[in-house]
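Here are some notes to read alongside the coordinates.

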Amino acid sequence: METEIEIKTEREKDPVQPRRTAVVIGGSSGIGKETALKLSSRGYRVFNISRTQLKGERVRNITADAAQEGELAKAIHGIGEETDGIDLLVYSAGFSMAAPLEYAKSGDYRYLFEVNYFGAIEALRAALPYLKKRGGRAVLVGSLGGDMPIPYDSFYSSSKAALCMLAREADVEMKERGVRVSALLPGGTATDFTYSRRIYGEEESLNYAASVKKASAALANIEQGGMNPSLVAEAIIKLAEKKNPPPVSVAGGMNGFARYMYKLLPERVTDWMVRRKFNQK
C-alpha cells in the first residue's frame, strides 16, 4: 500500500502534459507559413486555417475564408472541441491595395477590412473560450504601417492601426482571465505578399496614376529588401511564449528604432519623411 501511494504521488508531481495546440489563420504562405512550420518543429499540434492549403504533412489544413462571416468561427470551434483547448492563436491573414482615396471602390476597401480586421475579431472571439482553458496566448500580426501613413495604401494602414488597438483592448480585458493578447508589428518583409497587392491602374486611378505607381514601387522595394519571414515568425513565437508579453511588440531592432523615432518626432516632420521615402511631392 505504501508503494502504491508513493507511485501515485510521483505521478501527481509529474503529470503528462498535453501536446500544445496552435491555430494559425493565413498560414498557407509568407509569415503565416513560416510561423506554422516553426511551431510544428517546436512540438505544437498546428492547424492552418486559410483559403489554400499549406503543403506538408506536419500541419493540418482547414479551408475557410476570413472575409466570409462565420467561416473562421466554425473552423476554430471544431478545433477547440477536438483538442479541448487552444494554447496559441496567430492571426496572419492580410490583404493590401494601392489606390487613391478619392477613387477607391467600396467593395475593395470593405473586403480589406473584412480580412485584416473583422476576421481577426471573429477569430479571437471564437478562440477565447478555448484559450481560457489553457491560459493561452493570441498574437495578431500587425504592421509598422499601422503607425505611419503609406501613400495610397491608406486602408491597409488604417486596418493595421485598428488591429493594434484591438490587441491592446483585448489584453486589458483578458489578462485577469489568464489569456494574453499581443500585436506583433513587422516592417517590410520579403514575401509574395508584395506581388498579390491590388494596385489600381491608370483607368482606375485617373490623375493619381503616376503617384500610385511610384508609391507602390517604393513599397515593393522596401518589402523585398526587408526582413526574412522566418525571422518574423521567430519573433511571433518568442512573443507568444513570454511569461509577461507586452501588448505591442516590433519585429527587428531597426524596426523598433524606426517606430521609436517616428513617435518621438513631430507628425509634420515624419509625414514629410514618408512623402520623400515613397517618392511623393
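1. At what angle do helix α2 and helix α8 pack, and how far apart are their axes? Bear in mind that this is a predicted model. Helix α2 covers residues 30–41 and helix α8 covers residues 229–240; the angle is about 60 degrees, and the axes lie 8 Å apart. The two helices are therefore oblique to each other. As for handedness, α2 passes α8 in a right-handed crossing.

2. Now the residues behind that crossing. On the α2 side, the contact is made by G30, I31, E34, T35, K38 and L39. Facing them from α8 are P229, S230, V232, A233, E234, I236 and I237. Sorted by class, the contact of α2 with α8 comes out as seven nonpolar, three polar and three charged residues.

3. Next, have a look at helix α3 (residues 71–83) against helix α4 (residues 106–134). They pack at an angle of about 15 degrees, with axes 8 Å apart. Angles under 35 degrees count as roughly parallel, so that makes α3 roughly parallel to α4. Their crossing is right-handed. From α3, the residues making the contact are E71, L72, A73, I76, H77, G80, E81 and T83. α4 brings G119, E122, A123, A126, A127, Y130 and R134. The class tally for the contact of α3 with α4 is seven nonpolar, four polar and four charged residues.

4. α4 also packs with helix α5 (residues 154–174), at an angle of about 15 degrees and with the axes 9 Å apart. α4 and α5 are therefore roughly parallel to each other. Here α4 passes α5 in a right-handed crossing.

5. Which residues of α4 meet α5? They are Y109, L112, F113, N116, Y117, A120, I121, L124, L128 and K132. Across from them, α5 supplies F155, Y156, S158, S159, K160, A162, L163, L166, A170 and M174. By class, the contact of α4 with α5 has 15 nonpolar residues, along with three polar and two charged ones.

6. Two backbone spots deserve a quick look. D84 has a positive phi of about 60 degrees, although it is not a glycine. You'll find D84 in the loop between α3 and β4 (88–91). Y152 is another non-glycine residue with a positive phi, this time about 65 degrees. Y152 sits in the loop between β6 (137–141) and α5.

7. By class, the lining of the largest cavity has seven nonpolar residues, one polar residue and one charged residue.

Notes:
Residues numbered from 1 in each chain as written. Predicted model: local features only at pLDDT ≥ 70, side-chain atom pairs only at ≥ 80, totals over all residues. Heavy atoms only, no water. Axes fitted to C-alpha atoms, helices over the stretch in contact; angles between N-to-C directions. Helix = DSSP H or I, 4+ residues; strand = E, 2+ residues; numbered from the N terminus. Parallel < 35°, antiparallel > 145°, perpendicular 65-115°, else oblique. Left-handed = near helix turned anticlockwise from the far one by under 90°. Contact = heavy atoms within 4.5 Å. Nonpolar A, V, L, I, M, F, W, Y, C, P; charged D, E, K, R; others polar.
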